[in-house]
Amino acid sequence: MTTDNLENLSVNALVDRFAAIGVEQYKASDAEEDERYKELFYKMYDIQEELKRRQGDERRALIMLFDYPNMQVRLMAAQYALAVAPQAARRAIEAIAASTWAPQCYDARMCLHMLDEGTFVPN
Amino acid sequence: MLYRQPRDSSHAREPIAFASPMMIFTPQGLVLGAGTILAPANGARKLKSLKGREQDVLALLSAAYGRAVAPSVLNNIERAAKSWSEGDDFTAHIHLAHSGLRALDDLPSAAHRLRMAKGVLDHGGSPRSVFEALRLDPRYIDALEKHYNPKQPRVPAGHPGGGQWTSEDWSGAANAPGRVSSDATPDDPGKAGAQDAANEPPKPGIGHNQGPPLEPAPEVPKVGPAFNTSPFWDFTKAAVRWLGRAGWKPLVRVGIRVGIEGTVGGPVGDFLLAAEAAYWAYKAYPYIKSYFDPPKTLEELRKNEKPGYDDHHIVERWSKKDGVPESKIESPDNIVPIPKLKHWEINNWLGKPNPKFRDENDKPISPRDYIKGKTWEERYQFGLDVLRKFGVLE
């Protein structure tokens, strides 16, 4: 998996890659492979930056991952989509927060808390 | 027919305090459905003996599940009651899971059948009348009556405990004389296996909990890793993660209400049984159990005792390198014992980059990096927020 030449990829291809990285993040998180997780985290960050850079801010395409069959993918997609689809993204995060799917549920609860108190302002 | 009886008994009119699709222990006793007491308590954490009331319990369970329930369930209840009487809710839950009785599929209907059956028994009706109403195999009924000595005197209708045989205190004994054995022969309903097939539940769908499909349960090695080794903790962490994702919770007491969520059957029940069978896994139980503690106040958390808990610094210890006085970091107000595995989970989360925490260039950083340079009050409040969102602090 490479993040090279992201600008040449279609939005759908970027979303697919985002999801694939999310699945690997999930595995790395469960296995407590911190360096691997960090590497994957910034690869995913680069993808969302590329989506953000596209005309009209294509991070809204991440909405299609809100029901993805992997909790890490859902959570990251929803957090990165908050700036462009705040209501749908918040609902997705609320659903994760209400679950018992750790550790994603805890991060989702922190996300809602920080949104509500204004310490996290999605941009 | 049982289900056609008018809902005119006092039980039918009782308000429903709570509903449970599985057997649970409450201060009132062992309860199923809409608060129906299968076996009453006669003291704090003390279940009345089932002796003489075996058929009643089996009739009630059969009514709830709509089919013959194996008498071997009584053994599981006995063991569970013993653990419950010793304050070990976790093991009690495992013994109930071992019964093979899974969550009731159609709770309203099952709870209604159960209450009707209870009404019949409480008003002097016989277990046979319940079994017959359920159209169970007459051979099953005959064998039960033979095995459990139905000629034992019963309390007359209209009296407390009407319709029931004599009873005695449980007192925690798991192997009282005359109990059912664990040998399986199909001709003797007093032995496990006679109706075990009836207890075989449909395979439930997994991936409930409104989440993605559940992964396979962690494998429980028959020969376990040594205590406090990496493989031991790997297993324990995987176990709590998986149980949590499956939506399992041990008994949770909220005031006088006791509720339980999750399933005791299906893959969760299978996993708990496997863990029970692997004796070494008992060493992991305090850590698994503490992970599922309900949120507590700081005062309650400070009463936590090892094993199962670690001292957690609300403002982390590394902060002394960031200019925070050690006296504050090591002060009693800053230290609180929390579930060990939650402690590790929080540490893990604090160290990972996170989209919500940004540096001056708007690039994601870890919460730990984010908190650097903050005041003591900000750090302390942040630490409390984290404990709350991780379900540790009320």
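The model is predicted: local features need pLDDT of at least 70, side-chain atom pairs count only at pLDDT 80 or more, and totals for chains, interfaces and linings use all residues. Residues are numbered from 1 along each chain as its sequence is written, while chains are lettered from A and ligands numbered from 1 in the order in which they are written.

User: Why is Phe382(B) called partly exposed?
Analyst: A residue is buried with 20 or more other C-beta atoms within 10 Å of its own, exposed with 12 or fewer, and partly exposed in between; C-beta atoms are placed from the backbone. Phe382(B) has 18, so it is partly exposed.

User: Where is Phe382(B) found?
Analyst: Phe382(B) is in helix α16 of chain B. Helices are DSSP runs of H or I with at least four residues, strands are E runs with at least two, and both are numbered from the N terminus. Chain B has 16 helices and nine strands.

User: How many residues of chain B are in contact with chain A?
Analyst: Contact requires C-beta atoms, placed from the backbone, within 7 Å. By that rule, 21 residues of chain B meet 26 residues of chain A.

User: What gives the most to the side of chain B that touches chain A?
Analyst: Helix α14(B) does, with four residues.

User: What makes up that side by residue type?
Analyst: Ala, Val, Leu, Ile, Met, Phe, Trp, Tyr, Cys and Pro count as nonpolar, Asp, Glu, Lys and Arg as charged, and the others, Gly among them, as polar. The side divides into seven nonpolar, seven polar and seven charged residues.

Technical notes. Two residues are in contact if their C-beta atoms, placed from the backbone, lie within 7 Å.
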